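This report goes through the fold, the overall dimensions and the side-chain contacts of one protein chain. The sequence and the structure come first.

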Amino acid sequence: MAESTLSKISWTEFRPDRRRLVTGAALAGAGMLVAAAGAAVLTYELVRAGRTWTGGWQVPPAELASRAFHQAQSAAQAGRDAWTSYQESPVR
C-alpha cells in the first residue's frame with residue numbers, strides 16, 4: 001500500500017526556498033558554535049574552581065587516593081588470608 005501511495009506523489013512539486021534553507025542552516029551552525037563556546041567556558045570554570053578548591057587541602061588528592069588504594073589492598077589481602085586459613089569445625 002505504501003508503494004502505491006509513493007508512486008502517486010508528484011515530487012517535482014516539492015521545491016523548498018533555498019534562501020530560507022541556507023538561512024536556517026546558517027542559524028543552526030551559529031547556534032552550535034555559541035553552544036560549544038558556552039560548554040567550553042563552563043568546563044574551564046569547573047576545572048579552575050576544582051583545582052583551586054583541592055589546592056587548599058592540607059593533603060594533596062593524589063596522596064589521599066594512594067592511601068585509599070593501599071587500604072583497599074590491605075583489606076583485600078586480609079580477606080584472602082582469612083578465607084584461605086578458615087577451617088570448618090565439625091558440628092557436634
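## Fold and basis

From the N terminus on, the elements of the protein chain run α-α-α. The chain has 3 helices and 0 strands; helices (H or I, at least four residues) and strands (E, at least two) are DSSP runs, numbered from the N terminus.

This is a predicted model, in which local features need pLDDT of at least 70 and side-chain atom pairs count only at pLDDT 80 or more, while totals for chains, interfaces and linings use all residues. Residues are numbered from 1 along each chain as its sequence is written, and side-chain values use heavy atoms, with hydrogens and water left out.

## Overall dimensions

The radius of gyration of the protein chain is 33 Å, whereas a compact globule of 92 residues would have one near 12 Å. That radius is taken over C-alpha atoms, and the globule rule is 2.2 Å times the number of residues to the power 0.38. Along its principal axes, the C-alpha trace spans about 90 × 50 × 15 Å.

Of the 92 residues in the protein chain, 0% are buried. Buried means under 20% relative accessible area, exposed over 50%, and partly exposed in between (1.4 Å probe, protein chains only). The accessible surface of the chain comes to about 8,900 Å², and carbon and sulfur atoms account for 64% of that surface. Accessible areas come from the Shrake-Rupley method with a 1.4 Å probe; for residues, only the protein chains shown count as cover.

Helix H2 covers residues 18-55, and its 38 residues should span 56 Å at 1.5 Å a residue; the end C-alpha atoms are 55 Å apart, which agrees. The expected span is 1.5 Å times one less than the number of residues.

Asp17 caps the N-terminal end of H2, with a side-chain oxygen 3.2 Å from the backbone nitrogen of Arg19. A polar contact is a pair of N or O atoms within 3.5 Å; within protein, one must be able to donate a hydrogen and the other to accept it, and residues adjacent in sequence count only if both atoms are side-chain atoms. Asp17 also forms a salt bridge with Arg20, with the closest N and O atoms 3.8 Å apart. Asp17 is partly exposed at 36% relative accessible area, and Arg20 is exposed at 64%.

## Salt bridges

How many salt bridges does the structure hold? There are 3, a salt bridge being a side-chain nitrogen of Lys or Arg within 4 Å of a carboxyl oxygen of Asp or Glu. Besides the bridge between Arg20 and Asp17, one joins Glu45 and Arg48 at 2.5 Å, N to O. Glu45 and Arg48 both lie in helix H2, 3 residues apart, about one turn of the helix. Glu45 is partly exposed at 35%, as is Arg48 at 37%.

Glu63 and Arg67 form another salt bridge, their closest N and O atoms being 2.7 Å apart. Both residues lie in helix H3 (residues 61-85), 4 residues apart, about one turn of the helix. An α-helix has 3.6 residues a turn, so residues three or four places apart point the same way. Glu63 is partly exposed at 38%, and Arg67 is partly exposed at 42%.

## Aromatic pair

The structure holds 1 aromatic pair. Trp53 and Trp57 form this pair in an edge-to-face arrangement, 5.0 Å centre to centre and with 80° between the planes. Rings of Phe, Tyr and Trp (its six-membered ring) pair if their centres lie within 6.5 Å; planes under 30 degrees apart count as stacked, over 60 as edge-to-face and the rest as tilted. Trp53 counts as exposed because its relative accessibility is 60%, whereas Trp57, at 34%, counts as partly exposed.
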